[in-house]
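Have a look at the model, then read on.

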Amino acid sequence: MHSKKHLSFAALRDFVSSRVKNIPDGRQESKVVHRFHDVVMSAFAMMFFQDPSLLQFQKRMEEARQTSNLKTLFGVSSVPRDTCMREALDRLDPKHLAPVFADFFHELQRSKGLEQYRAFTRFYVAAIDGSGYFSSEKLHCPGCLVKKGRYEHQIVQAALVHPGKRQVIPLCSEEVRNTDGRDKQDCEINAGKRLIKNLRKYHPHLPLVIVADSLYSKQPFIETLAKERMRFVLVAKEEDHKVLMEYVEGARALKETSRLEARDVKGRLHVYEWINGVPLNGNDDAPSVNWLSYELHDKGKRTYHNAWVADLPIDEKNAEELASIGRCRWKIENETFNTLKNQGYHIEHNFGHGEEHLSFNFFLLNLLAFFMHQIFELTDHLYQACREKLGTKRSLWENLRVFMRSFIFPDWETLLRNVHTPSDFG
Ligand SMILES: [Zn+2]
């Protein structure tokens, strides 16, 4: 990978900063104490440095060295109080933050950092999944979903994944959100369709294969994918696809399905079975799909089984890769949602709920911080060395916050260098 200057902390921060500067500030002039830019960038810095709460961030910012570092690193000239931050972020339309994800993506692509994410030589794999990031018995807003007496916020997220890569690249987020005056609750699958349209809007030419769970292997979603020129490998549970499975069983009885068996170095048996061109369901206009099943047998026992429908024609050359891509779906759950929930990002933590967009904007800023960290993990040697030295992410960010309390740093690289080798500082 050649020059990564455009993937440096400063370059990525400038993308966020310039998008934020272009957001119209709808507040009344007389009431404005802090520039909108300072409000959003402060919240972003809080997520970037993984402060566990708004209160702790505010406390940290009472120290002169900390505010000084915030100014050099994030260009914040005055740190807003928590109420001011919450009010301003509540009114911010999340559509203003969405383009930054595409900015980051395009820079990664430009640096050839995404070549290792290619599948079937020319495609990229985007996993899609829904997750909740807020749940309460009392606290709610007009956009809350109501489930079993609890108020909830959910999103459907798309992220670039690859069987051989631990890092996931966030692409697009779509809220599952109730809008006023609608008595029907929004649902994950509808949000998923909106997500697909946005994904195409931000990445008009990207050759994409969508992987998702069985909820998505239904006709309307598959038609949405076809309309947006995306390919798919979607989990197909037997109980969701009775007609399809009858076709498969009929073909199997006539020995019309293809089969491939491979034994690995550990002696485990991998069994692939597939058939191309079967109807997805019993409708007259059912889409024709290709069905693939994969089983893993260890010491005579079946230890894993899954099946998918795909629109890529399956043969003995690609069956293995197709199954490994289908299996990538778990990465969005494990490497994205679980990381955001359990590894210092405090995604379920209540930074604030608001009346309009506050909790979703906090989610987006948190995800953006995660994205920036993922880019450093993929491309920044100094960051990689710090991660290695400090073991866990949590301890890295604790160290970074402690160092910012003690010294004033001219830039991010100097901060990292000193966390890595403290004795150098003088
Ligand atoms: Zn709400």
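## A buried leucine

L396 counts as buried, because its relative accessibility is 0% (buried means under 20% relative accessible area, exposed over 50%, and partly exposed in between, with a 1.4 Å probe and protein chains only). You'll find L396 in helix α14, residues 393-406 (helices are DSSP runs of H or I with at least four residues, strands are runs of E with at least two, and numbering starts from the N terminus). Between L396 and V419 there are 8.3 Å in space, C-alpha to C-alpha, and 23 residues in sequence.

## What you're looking at

This is a predicted model, in which local features need pLDDT of at least 70 and side-chain atom pairs count only at pLDDT 80 or more, while totals for chains, interfaces and linings use all residues. Residues are numbered from 1 along each chain as its sequence is written, and side-chain values use heavy atoms, with hydrogens and water left out.

## Salt bridges

The structure has 23 salt bridges (a side-chain nitrogen of Lys or Arg within 4 Å of a carboxyl oxygen of Asp or Glu). One of them joins D103 and R19, at 2.8 Å from N to O. D103 sits in helix α6 (98-110) and R19 in helix α1 (9-21), so this pair ties together parts that are 84 residues apart in sequence. D103 is buried at 10% relative accessibility, whereas R19 is partly exposed at 34%.

Another pair is E137 and R150, whose closest N and O atoms are 3.5 Å apart. E137 belongs to the loop between β2 (123-136) and β3 (145-147), and R150 to strand β4 (150-162), so the link ties together parts 13 residues apart in sequence. Here E137 is exposed, at 59%, and R150 is partly exposed, at 30%. Then there's R329 with E333, 3.8 Å apart at their closest N and O atoms; R329 is buried at 16% and E333 partly exposed at 35%. Elsewhere, salt bridges link R166, E377, R387 and K393 in a network.

## A polar contact

Q58, part of helix α3 (54-60), is buried, with a relative accessible area of 6%. A polar atom of the Q58 side chain lies 3.1 Å from the backbone oxygen of P80.

## A negative patch

Which residues form a negative surface patch? They are E238, E239, D240, E246 and E249. Patch residues have over 30% relative accessible area and no salt bridge, with like charges joined within 9 Å. E238 lies in the loop between β7 (231-235) and α9 (242-253) and is partly exposed, at 47%.

Terms used
Patch = residues over 30% accessible without salt bridge, like charges linked within 9 Å, V, L, I, M, F, W, Y side chains within 5 Å. Areas by Shrake-Rupley, 256 points an atom, 1.4 Å probe, with all protein chains shown as cover. Lys, Arg positive; Asp, Glu negative; His and termini not counted. Charge placed at Lys NZ, Arg CZ, Asp CG, Glu CD. Polar contact = N/O pair within 3.5 Å; in protein donor to acceptor, adjacent residues only side chain to side chain.
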